[in-house]
Amino acid sequence: MTTLTPQKPAIPQPGGDVTPAPEPRPAAPESRPAPEPGPAQDPAWRELVDAVREAGQYPTRSEAESVTRIVLSALGGHVVGYERVDLARALPEEAARVVASQIPATRSLTAAEFVDSVAARIEGATPATARWDVSSVLSVLPSLVGDELVTRILDQLPPGYALLFGRAELTPAA
């Protein structure tokens with residue numbers, strides 16, 4: 001008869017014999033991938049948020065970052081095609097991710113409807129404060145992505161968006 005210790009469970013063998021379980025192998029050291037740099041560590045993302053914070057005169061970096069994410073996600077649904085690809089390429093990685101992750105909108109929104117859609121995403125926002133937030137984010141994009149790309153984006157959007165990007169909306173003379 002075999003005596004077993006409680007630490008070593010028995011393993012039944014054919015023929016009725018029982019053998020102690022093998023010693024457990026030491027666990028392999030847990031290998032974790034190095035943490036990826038988050039948006040707070042990306043200098044280009046920080047610069048974008050700081051530019052928005054200054055343009056919108058937000059009291060905290062956190063508030064500016066939240067507004068930046070909300071406005072870029074709203075914009076991401078309305079910019080399509082090559083302009084969307086080029087916009088994502090020109091933005092800092094985190095901002096590009098926010099833009100590119102949006103499902104394209106099924107219909108174009110007027111500039112006022114776009115502002116209202118942003119207001120609906122920001123707790124306590126009114127159309128006036130949402131317009132401020134949208135303009136604070138979109139007005140910093142031309143210096144970041146270039147005027148040519150902003151012009152192409154505006155050509156794709158309904159009239160009224162130019163003011164949100166900090167541009168005059170000129171109409172041709174009749």
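This is a tutorial dialogue on reading features of one predicted protein model.

Student: What should I know before I start reading?

Tutor: This is a predicted model, in which local features need pLDDT of at least 70 and side-chain atom pairs count only at pLDDT 80 or more, while totals for chains, interfaces and linings use all residues. Residues are numbered from 1 along each chain as its sequence is written, and side-chain values use heavy atoms, with hydrogens and water left out.

Student: Which elements make up the secondary structure of the protein, and in what order do they run?

Tutor: Helices (H or I, at least four residues) and strands (E, at least two) are DSSP runs, numbered from the N terminus. Here there are eight helices and two strands, and from the N terminus on they run β-β-α-α-α-α-α-α-α-α.

Student: How many of the residues of the protein count as buried?

Tutor: Buried means under 20% relative accessible area, exposed over 50%, and partly exposed in between (1.4 Å probe, protein chains only). Of the 174 residues, 33% are buried. The accessible surface, from the Shrake-Rupley method with a 1.4 Å probe, where for residues only the protein chains shown count as cover, is about 11,100 Å², and carbon and sulfur atoms hold 57% of that area. As for contacts (heavy atoms within 4.5 Å), of those with a separation of 6 or more, 57% join residues 24 or more positions apart.

Student: How do I read two packed helices, and what is the case for H1 and H2?

Tutor: Two packed helices are described by the angle between their axes and the distance between the axes. Axes are lines fitted to C-alpha atoms, for helices over the stretch in contact, and angles run from 0 to 180 degrees between N-to-C directions. Angles under 35 degrees count as roughly parallel, over 145 as roughly antiparallel, 65 to 115 as roughly perpendicular and the rest as oblique. For H1 and H2 the angle is about 100 degrees and the axes are 9 Å apart, so the two helices are roughly perpendicular to each other. On the H1 side the contact includes Trp-45, Leu-48 and Val-49, and on the H2 side Arg-61, Ala-64 and Leu-72 are among the residues. By class, that contact has six nonpolar, one polar and six charged residues. In this scheme Ala, Val, Leu, Ile, Met, Phe, Trp, Tyr, Cys and Pro count as nonpolar, Asp, Glu, Lys and Arg as charged, and the others, Gly among them, as polar.

Student: At what angle do the axes of H2 and H6 cross?

Tutor: They cross at roughly 85 degrees and come within 9 Å, which means H2 is roughly perpendicular to H6. H2 contributes Val-67, Thr-68, Val-71, Leu-72 and Leu-75, and H6 contributes Asp-133, Val-134, Val-137 and Leu-138. The classes here are seven nonpolar, one polar and one charged.

Student: Which residues does Leu-109 touch?

Tutor: Not counting residues up to four places away in sequence, Leu-109 touches both members of that pair, Phe-114 and Tyr-161, along with His-78, Ser-117 and Pro-158. Leu-109 sits in the loop between helix H4 (93-100) and helix H5 (111-121) and is buried at 13%.

Student: What is the phi of Gln-57?

Tutor: Most residues other than glycine have a negative phi. Gln-57 is not a glycine, yet has a positive phi of about 55 degrees. Gln-57 lies in the loop between helix H1 (43-56) and helix H2 (61-76) and is exposed, at 65% relative accessibility.
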